[in-house]
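Cover its strands, its rings and its charged pairs.

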Amino acid sequence: MMPTLPQSLLDRPIAHRAYHDAHAGRPENSRAAIVAAIEAGYGIEMDLQLSSDGQAMVFHDYDLKRLTVAKGAIRQRTAAELGTITLRYSDETVPSLVEVLDLVAGRVPLLIELKDQDGAMGPNVGPLEEATAAALKPYQGEVALMSFNPHSARRMAELAPDRPRGITTCSYSAKDWLMLNKATRDRLRAIPDFDSVPADFISHKHKALNAPRVQELRARGVPILCWTIRSPTEEAAARLIADNVTFEGYVA
């Protein structure tokens, strides 16, 4: 039987990249932001990138420059090196998924996004998915996995069949997805891989929740999450369609 999205990821808001506030010393995906989310009782959304030695690291960007004092691709650094690189607005360093799982210890549910490693949403995936599955194997807490790349979600279904998985989705505008060609954008916009993954949920950009395909999946009873909500007004509008919100920048 295919695993389903846990109720705990539907009954409380999900803090985007944990409950971050850089000016309060809680950068995105940092330990401090994770602890703050736990103390507030939120679920936690986080991102994974791959280190050069094959470890799953909790980090959003492909480049280190925006979020750390270093420069260059995260894929060119080992996990040990990343463990010495300081996050901006903090004295923390880049955490590994294993470290974060030890910190969370099942106290709140996790929504984990694997960043596309193919570069074009294609089938060249595997090492990040394998590292993620290995880190999650002994973990007893509630976790759901997702990716913009359906190949990544499908690989997680093979490697961690007991973990619910979904697809991160949006309208794939040319402005926001400069690295993807039109054919790929058109295809992914229609979310054609939902059943073949198989996926249990989607997390869709909140400004495009009225898309026909989202409505179709919702009518089938598919859980609809959304991103990224930044105000109570946006949250109220999103909840007319979505089953839960991923938020940042306010108290949800």
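Is Tyr 172 buried or exposed? Tyr 172 counts as buried because its relative accessibility is 1%. Here buried means under 20% relative accessible area, exposed means over 50%, and partly exposed lies in between (1.4 Å probe, protein chains only).

This is a predicted model, where local features need pLDDT of at least 70, side-chain atom pairs count only at pLDDT 80 or more, and totals for chains, interfaces and linings use all residues. Residues are numbered from 1 along each chain as its sequence is written, and side-chain values use heavy atoms, with hydrogens and water left out.

Helices (H or I, at least four residues) and strands (E, at least two) are DSSP runs, numbered from the N terminus. Strand 2 spans residues 43-50, and eight of its eight residues are buried. In a regular strand the side chains alternate between the two faces of the sheet. Both faces of strand 2 are covered. Gly 43, Glu 45, Asp 47 and Gln 49 are buried on one side; Ile 44, Met 46, Leu 48 and Leu 50 are buried on the other.

Two strands pair if DSSP finds at least two bridges between them. Strand 2 runs parallel to strand 4 (residues 110-114), joined by five bridges. There, Leu 48 stands opposite Leu 114. With strand 3 (residues 56-58) the pairing is antiparallel, over three bridges. Gln 49 stands opposite Met 57. Five residues lie between the strands of this hairpin, and Gly 54 takes a positive phi near 80°.

Strand 1 (residues 14-16) runs parallel to strand 2, with three bridges. Ala 15 has Ile 44 as its bridge partner. From strand 1 the chain passes through helix 1 (residues 31-40) to strand 2, in a right-handed β-α-β crossover. Right-handed means that, with the strands pointing away from the viewer, the path from the first strand over the helix to the second runs clockwise.

**Rings**

The whole structure has eight aromatic pairs. Rings of Phe, Tyr and Trp (its six-membered ring) pair if their centres lie within 6.5 Å; planes under 30 degrees apart count as stacked, over 60 as edge-to-face and the rest as tilted. Tyr 172 and Trp 177 are a tilted pair, because their planes stand at 40°, with centres 4.8 Å apart. Phe 247 and Tyr 250 are edge-to-face, at 5.5 Å centre to centre and 65° between the planes. Phe 247 is buried at 1% relative accessibility. Tyr 250 is buried at 11%.

**Salt bridges**

Side chains of opposite charge can pair when their charged atoms come close. A salt bridge is a side-chain nitrogen of Lys or Arg within 4 Å of a carboxyl oxygen of Asp or Glu. The structure holds 20 of them.

| Pair | N to O distance |
|---|---|
| Asp 47 and Arg 17 | 3.8 Å |
| Lys 205 and Asp 176 | 3.4 Å |
| Glu 235 and Arg 239 | 2.9 Å |

Asp 47 is buried at 1% relative accessibility, and Arg 17 is buried at 14%. Lys 205 is partly exposed at 24%, as is Asp 176 at 43%. Glu 235 is buried at 13%, whereas Arg 239 is partly exposed at 33%. Salt bridges that share partners join Arg 17, Glu 28, Asp 47, Asp 61, Arg 66, Glu 113 and Lys 115 into one network.
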